Amino acid sequence: MDGELRELDGPDGPRQVRLTHPERVIWPDAGVTKGELADYVEAVAEPMLRAIGDRPVSLERVRGSIQDETFFSKNPPKGTPEWVRASEVTYPSGRSHPQLVLDEPASLVWAVQMNTVVFHPWPSRAAASDLPDQLRIDLDPQPGTDFGDAVDVARALQTLLVELGFDPFVKTSGGRGLHVFAPLAPEHEFLDVRHGVIALCRRLEARMPDRVTTAWWKEERGERIFLDYNQANRDRTMAGAYSPRARPGAPVSCPVAWDELEGLDPSAFSVRTVPARLRERGDAWEGFAAARPGVLAPLLEAWEADLSAGLGELPFPPDFPKMPGEPPRVQPSRRKAE
């Protein structure tokens, strides 16, 4: 068999992972190869596993390079090593199935061998996958807005979260946006967390009506930052901390300190630059696990207040079953035309 054999430390001694075709170019514009990607996940394994380890994870894979269409692996694929763990999860359909869990550096390199480019961890632990222990908000710049606008919104969201008793952290998305996370006491199921996130986003929207929006339909968003509340749903995941993205330049979704945001260039974080950043500055999310978890109760009270005020459920993703109280899944302009 061609390729190279890599040996990595494991909990029970050395692991050996064969990497085939390390010369294959995964990011053609940057010339980043599969071997370089394996080097990268080895270099960032410690902080990356702190962030995504012990969680169900979906692997976004390519057949050749990022110019090909990506596809997802959630269940353990054929040939998965016996030392790569899986955990039973329940999907929105109600169906249950084992999903991959990555716990050690060798499992990250094995995922690269499987042509994984993006790592999508759940916001819950493997042992309690129904109970999210992270609050996650995706700040998505719409046409006419940019990363600087996302920074302003992230700052306002940080203030709001602190007011509500959360300890927020921030990372680049690997694109033009930002991801804001906060530790959460694992006491509520996904639908409750979704409702809490919607209430949170509505309060930020009330503070910044000209800057942010919770409008699900693109035609209603305008030149504002979209607060993607649907990322709080079961089986909806974001690229994890230190995960590469399947985009030109081999960008990385990189944790940063809040005081770094002003003037930050998110394109500076790539597979080739992030290891040096870690050596020089350390992991901006090192304190995440030890941070005080927030409680959802104040946001659920806000959700109930919104219901009393006539603000109900918002649309779910199109692949979800029809949910109780959900408005019609038809874009507003089409509803008016009909």
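**View 1. S129 in its loop.** In this predicted model, S129 sits in the loop that links β9 (116–121) to β10 (134–141); strands here are DSSP E runs of at least two residues, numbered from the N terminus. S129 counts as buried because its relative accessibility is 7%, with the cut-off for buried set under 20% relative accessible area (1.4 Å probe, protein chains only). Leaving out residues up to four places away in sequence, S129 touches P56, E88, V89, W122, S124 and F190, where contact means heavy atoms within 4.5 Å.

**View 2. Helix α3 and what follows.** Helix α3 spans residues 105–113 and is largely enclosed by the rest of the structure, because 8 of its 9 residues are buried. Among them are L108, V109 and W110. Helices are DSSP H or I runs of at least four residues. Just after α3, N115 takes a positive phi of about 65°.

View 3. About 1100 Å² is buried between domain 1 and domain 2, 44% of it from carbon and sulfur atoms; that's the accessible area (1.4 Å probe) both parts lose on being put together, summed over both. W122, P123 and S253 supply 45% of what domain 1 buries against domain 2, more than any other three residues.

**View 4. The K74–D235 salt bridge.** The side chains of K74 and D235 pair up at 2.7 Å, N to O; a salt bridge needs a Lys or Arg side-chain nitrogen within 4 Å of an Asp or Glu carboxyl oxygen.

**Notes.** Residues are numbered from 1 along each chain as its sequence is written, and side-chain values use heavy atoms, without hydrogens and water. Local features need pLDDT of at least 70, side-chain atom pairs count only at pLDDT 80 or more, and totals for chains, interfaces and linings use all residues.

Conventions. Buried < 20%, exposed > 50% of the residue type's maximum accessible area, 1.4 Å probe, protein only. Buried area = accessible area lost by both parts, 1.4 Å probe.
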